[in-house]
Amino acid sequence: MPAIKFKNNRLFYFDQSKLPSKEVWRECKNLKEGFSAIKYLKVRGAPLIGVFSVYCICIAVKSFSSQKEEFFKQFKKAVEYLRVCRPTAVNLSWALERLERVVFKYSKRPIQEIKRAIFKEAAAIHREDVILCKKMADAGAKLIKKGDRILTHCNAGFLATTGEGTALAVIYKAYKIYGKLKVYVDETRPLLQGARLTAWELMRKKIPCTLICDNMAAYLMQHGEVDKVFVGADRIAACGDAANKIGTYNLAVIAAYHKVPFYVVAPFSSFDLSLKTGKLIPIEQRSSEEVRKILGKIYASPKNVPVFNPAFDVTPSHLISAIVSDRGVIFPPFRKNIKKVIPLYPKGHRYPLGHRRAQVSCPLPGRLRTK
Ligand code: MRU
């Protein structure tokens with residue numbers, strides 16, 4: 001089941017904020033709606049927001065000026081608007097930078113040609129994302145044995161990508177091979193992506209799963225109930241430190257204590273080799289109301305209690321057993337081994353700079369720069 005659809009130049013998304021009680025498809029008609037869908041987690045998961053954001057630009061450019069100077073200004077403004085929407089997932093700026101490169105490359109061509117190139121690039125990013133999921137699934141399934149009991153956090157499945165997912169794609173593949181697995185699902189406070197989305201996905205796929213509150217994982221490990229942990233990532237630094245949904249670091253610490261292997265699954269587009277360590281990864285801080293209220297409805301605390309609500313944390317690489325990428329399984333030492341595989345992806349690829357999404361904007365000619 002796709003999480004988004006781009007058909008006849010129209011963009012549709014499956015509103016994840018309504019799951020599991022309602023299955024609602026919505027159309028994204030402009031940039032503002034796209035921004036809001038990403039910001040309020042109607043469309044979420046690092047790879048998915050990358051693909052969705054470039055389609056949002058496709059929708060937007062349709063009404064951009066046919067005068068070049070103005071077109072470039074509008075394009076740049078739209079990209080900047082979406083780029084800051086969710087700061088931790090590097091896939092967002094990575095995908096938008098790919099469009100910027102295309103616009104740069106075609107900047108001397110007629111506007112219609114630039115627009116066509118933007119649409120083509122967006123479709124390519126989408127197609128590639130599906131393939132990356134398959135490759136991660138194939139590589140990661142080898143780490144799983146028949147009957148394994150796997151713990152996962154947040155949602156890294158088909159709702160979080162345009163393919164089968166990252167961490168969950170590995171589980172889906174292993175289940176296909178062995179037919180016997182059990183998945184423990186962390187509910188993932190405050191927004192319950194595990195309870196609402198992962199449990200929903202696994203049940204749809206008829207994979208045996210058990211939901212737990214986040215604070216029950218240590219108990220399970222203490223009783224020898226967890227064989228492996230598989231999680232996704234929103235940004236991985238050059239040394240292998242990995243940012244993922246808040247609570248992932250807790251899991252990594254208790255997994256290390258109980259000697260449970262801890263695996264991170266992410267495509268090359270989630271690596272940010274411009275950052276030496278995870279300390280440099282920007283962490284999104286979200287609204288206090290998400291913590292005070294349950295599912296945005298009932299107050300579970302005094303209405304004015306001060307709240308701290310970081311949406312992500314960073315797991316230091318020494319707590320990670322291996323990183324499963326579309327280029328295979330990367331083992332420690334991560335700094336050396338990541339460098340060996342990530343920049344080369346994929347051989348003969350049309351976008352050799354694809355891995356260098358960095359914090360730095362891609363080079364644009366003066367007239368493309370707006371203040
Ligand atoms: O805030 P979210 O729901 O977008 O957070 C998502 C996660 O943390 C996922 O684990 C991560 O994006 C990897 S998804 C394939």
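Predicted model: local features only at pLDDT ≥ 70, side-chain atom pairs only at ≥ 80, totals over all residues.

Modeller: What follows goes from the domains to their interface, then to the ligand and the backbone.

Biologist: How much area do domain 1 and domain 2 bury between them?

Modeller: The size of an interface is often given as the accessible area lost when the parts come together. Here domain 1 and domain 2 bury about 2,900 Å² between them, with 56% of that area on carbon and sulfur atoms. On the side of domain 1, R44, T88 and L132 lose the most area to domain 2, together accounting for 22% of what that side buries. Counted by contacts, 33 residues of domain 1 meet 38 residues of domain 2.

Biologist: How many salt bridges and how many polar contacts cross the interface?

Modeller: The rule finds two salt bridges across the interface of domain 1 and domain 2, and 16 residue pairs in polar contact there. As for which elements take part, α2 (46-61), α4 (90-105) and α5 (111-141) each supply at least two residues of the side of domain 1 that touches domain 2, and α5 gives the most, with five residues. By class, that side of domain 1 has 18 nonpolar, nine polar and six charged residues.

Biologist: Which residues are closest to the ligand?

Modeller: Of the 19 residues that surround the ligand, the closest are R44, A46, R86, N244 and K245. An N or O atom in the side chain of R86 is 2.8 Å from an oxygen atom of the ligand, and the side chain of R86 also meets that of E284 in a salt bridge (3.0 Å, N to O). A polar side-chain atom of K245 lies 2.8 Å from a ligand oxygen, while for D234 the corresponding distance is 3.0 Å.

Biologist: Which peptide bonds are cis, and where is there a positive phi?

Modeller: Most residues other than glycine have a negative phi, and most peptide bonds are trans. In this model a cis peptide bond joins R189 and P190, with omega about 5 degrees, and P190 sits in the loop between β5 (182-186) and α7 (193-204). The bond from P332 to P333 is also cis, with omega near 0 degrees, and P333 is found in the loop between β16 (328-330) and α11 (334-341). L41, although not a glycine, has a positive phi of about 60 degrees, and L41 lies in the loop between α1 (31-39) and α2.

Definitions and conventions:
Residues numbered from 1 in each chain as written. Heavy atoms only, no water. Contact = heavy atoms within 4.5 Å. Buried area = accessible area lost by both parts, 1.4 Å probe. Salt bridge = Lys/Arg side-chain N within 4 Å of Asp/Glu carboxyl O. Polar contact = N/O pair within 3.5 Å; in protein donor to acceptor, adjacent residues only side chain to side chain. Helix = DSSP H or I, 4+ residues; strand = E, 2+ residues; numbered from the N terminus. Nonpolar A, V, L, I, M, F, W, Y, C, P; charged D, E, K, R; others polar. Near = heavy atom within 4 Å.
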